[in-house]
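Please open the model in a viewer and keep the selection panel at hand.

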Amino acid sequence: MAANSSSTGSKSSNSGGGKQSGPSAEQVVATFQRMRQEQRSMASKAAELEMEINEHSLVIDTLKEVDPSRKCFRLVGGVLVERTVKEVLPALENNKEQISKIIESINTQMQAKGRELTEYRERYNIRLVGEGEGETQGQSASSSRDNEGGASKSGAGVLVS
């Protein structure tokens, strides 16, 4: 029995040594999925803010045609407040500009996240389900660059659905 326990002990130490060289396939997939989800949430937030800009534009265009002394109502922090058009119009235009700046910021973050995802895919040779054969030829060129960096091409790819 002692021989069996020592051989299993050496096997577990070998597998432990393999984990130290890099993350497991499950960890790679989990990290990749998390990064993709972050990018998707940024995209949905940008789309939501684009809709808000469209709403602001519609209201601004409508209020420009109205008498500036006319009263209007605005929702501020969940409270409906009575104001005049001349008070509300500049605030709406300012809000629209601020939302546009936020969208620009989110778009730059999404581009950075896209670059990070691409680098991660190339580093761990991740292929998505449904990718064409033409893309694997392009990946072979990029994987040869990875081999120079110490990564191995021999079946180390990860398939992600």
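Begin by selecting the buried residues of helix α2, where buried denotes under 20% relative accessible area, exposed over 50%, and partly exposed in between (1.4 Å probe, protein chains only). They are V28, F32, M35, R36, M42, A46, L49, I53, H56, S57, I60 and L63. The model is predicted: local features need pLDDT of at least 70 and side-chain atom pairs count only at pLDDT 80 or more, whereas totals for chains, interfaces and linings use all residues. Residues are numbered from 1 along each chain as its sequence is written, and side-chain values use heavy atoms, with hydrogens and water left out.

Next, display α2 as a whole, residues 25–64. Helices (H or I, at least four residues) and strands (E, at least two) are DSSP runs numbered from the N terminus. The 40 residues of α2 reach 58 Å from the first C-alpha to the last, close to the expected 58 Å; the expected span is 1.5 Å times one less than the number of residues.

Now move to α3. Its 40 residues should span 58 Å at 1.5 Å a residue, and the end C-alpha atoms are 57 Å apart, which agrees. Select V85, V88, L89, L92, I99, I103, I106, K113, G114, L117 and Y120, the buried residues of α3. Their cover includes α2, β1, β2 and β3. Just after α3, N125 takes a positive phi of about 55 degrees.

Strands β1 and β2 (residues 79–84) run antiparallel and are joined by 6 bridges; two strands pair if DSSP finds at least two bridges between them. R74 stands opposite V81 in β2. The hairpin has 2 residues between its strands, and G77 takes a positive phi near 60 degrees.

L75 lies in β1 (residues 71–76) and is exposed, with a relative accessible area of 61%.

Finally, show the entire protein. Along the sequence, the pattern is α-α-β-β-α-β-α-β. Buried residues make up 20% of the 161 residues.

Terms used. Contact means heavy atoms within 4.5 Å.
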